[in-house]
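Here's a quick briefing on how the pieces of this fold sit against each other. Take a look at the model first, then work through the notes below.

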Amino acid sequence: MQTNIQIIMQGERDNFLSQHYLDSEQLKAFNYMAACGSETFGFNSYRCEDCGHTYIHYNSCGNRHCPSCQCHAREEWIDKFTGFLLDIPYFHIVFTVPECLNAIFLENKEKMYSLLFRTSADTLLKVSNPLYGQIGFTSILHTWGQNLWFHPHIHMIVSGGGLSYDDGHTVFKKAPANFLVSVRVLSRLFRGKFIDSIKKLKLYDSHNRLINFQVEPYKSLIDELYSKEWVVYSKKPFGNNQAVLNYIGRYSHRVAISNSRILNYDHINHTVTFRYKDYRDDSKQKEMTLDACEFLRRFMQHILPSRFIKIRHYGFMSNSN
């Protein structure tokens, strides 16, 4: 039988829950995924009229974080997204935040994820507007790296140009073939907008105390954030619309780890081995073995707040337009 997240959760359930606290949304997701494909969610029964053989198919959990339940939702979303695409080039831009913000993100997920969406979108719109007019783009939130460490970042699929007005007519102003906007300018503006905005939020630490950015250690954190170069990068434009759809198919409904990357679960030694891509070593495929509870701890960090929207549209691709 193929190793998957459900088997690991079922095997390590009691041990993991006794060691780690989960909030209500994480616990709900854990219970749903652990019971995915079992009698908990009911079943469909099929009986052959000739031989009498009965086949029972247990229903899936449908949780959006479950690696086994995203295929149908992904295909439906891709079909809908196809209607958004124009016959123009599209660029891929990624906004990331420094690792020193991870603790604040983990304690204030909804506020910080929303801030990441808002500031990255505002930054791109502000820089691109004088060049092209109103561009259109879709932002997708990911919170993980290949080894399941917490790594919040935004992937953007950006139109290669925008809508502007000329003599009362709307025209599309196309971007150069291999350049959309300066990533250096994006990085500096994004850093300033994010830091300015974070100081205005009511955020809490791991002890549920209100964070004051005017006193230590958070005053030093702000200084550290200003001193860092924030990573924003733009990849080569997609070759065509089919390439955009292929990319969307891989990224839109991806969760922290797919079942295909889980290579082995040793229920005796309580370890999990999975495959990952090491981007720091020329993107080589490697294997990592973790204690099963540590594996689940890393995975559960990426459960999103209830009803949080992880795919958002902006500019001329926004719902209002």
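Predicted model: local features only at pLDDT ≥ 70, side-chain atom pairs only at ≥ 80, totals over all residues.

Residues are numbered from 1 along each chain as its sequence is written, and side-chain values use heavy atoms, with hydrogens and water left out.

- Strand β1 (residues 43–47) and strand β2 (residues 54–58) run antiparallel and are joined by five bridges. Strands pair here if DSSP finds at least two bridges between them.
- For the labels, helices (H or I, at least four residues) and strands (E, at least two) are DSSP runs, numbered from the N terminus.
- Six residues sit between the two strands of this hairpin, and Gly-52 takes a positive phi near 85°.

**Three-stranded sheet**
- The order is β9-β10-β11 in an open sheet of three strands, with antiparallel pairing.
- β9 (262–266) and β11 (284–291) are the edge strands, each pairing on one side only.
- On average, neighbouring strands of this sheet are turned by 25° against each other, direction ignored. Axes are lines fitted to C-alpha atoms, for helices over the stretch in contact, and angles run from 0 to 180 degrees between N-to-C directions.
- β9 pairs with strand β10 (residues 271–278) in the antiparallel sense over four bridges, and Asn-264 stands opposite Thr-273 in β10.
- Helix α1 packs on this sheet, where it touches β9 and β10, and its direction makes about 20° with that of β9. Contact means heavy atoms within 4.5 Å.
- α9 lies across β9, β10 and β11, and runs at about 115° to β11.

**Helices α1 and α2**
- The axes of α1 (residues 5–19) and α2 (residues 24–34) come within 8 Å and cross at roughly 135°.
- That's why α1 and α2 count as oblique to each other: angles under 35 degrees are roughly parallel, over 145 roughly antiparallel, 65 to 115 roughly perpendicular, and the rest oblique.
- On the α1 side, the residues in contact are Gln-6, Met-9, Gln-10, Arg-13, Phe-16 and Leu-17, and they meet Leu-27, Phe-30, Asn-31, Met-33 and Ala-34 in α2.
- The residues of this contact divide into seven nonpolar, three polar and one charged. Ala, Val, Leu, Ile, Met, Phe, Trp, Tyr, Cys and Pro count as nonpolar, Asp, Glu, Lys and Arg as charged, and the others, Gly among them, as polar.

**Five-stranded sheet**
- Another open sheet has five strands in the order β8-β3-β5-β4-β12, again with antiparallel pairing.
- β8 (232–235) and β12 stand at the edges with a single partner strand each, so one side of each has no neighbour in the sheet.
- From one strand to the next, the twist averages 25°.
- Strand β3 (residues 90–96) and β8 run antiparallel, joined by four bridges, and His-92 has Lys-235 as its bridge partner in β8.
- Helix α8 (residues 241–251) lies across β3, β4 (136–144) and β5 (150–159), running at about 160° to β5.

**His-302**
- His-302 is found in the loop between α9 (292–300) and β12 (311–315).
- Its relative accessibility is 4%, so His-302 counts as buried (under 20% relative accessible area, with exposed over 50% and partly exposed in between; 1.4 Å probe, protein chains only).
- A polar atom of the His-302 side chain lies 3.2 Å from the backbone oxygen of Arg-298.
- Not counting residues up to four places away in sequence, His-302 touches His-65, Thr-143, Trp-144, Leu-148, Trp-149, Phe-150 and Ala-256.

Key. Polar contact = N/O pair within 3.5 Å; in protein donor to acceptor, adjacent residues only side chain to side chain.
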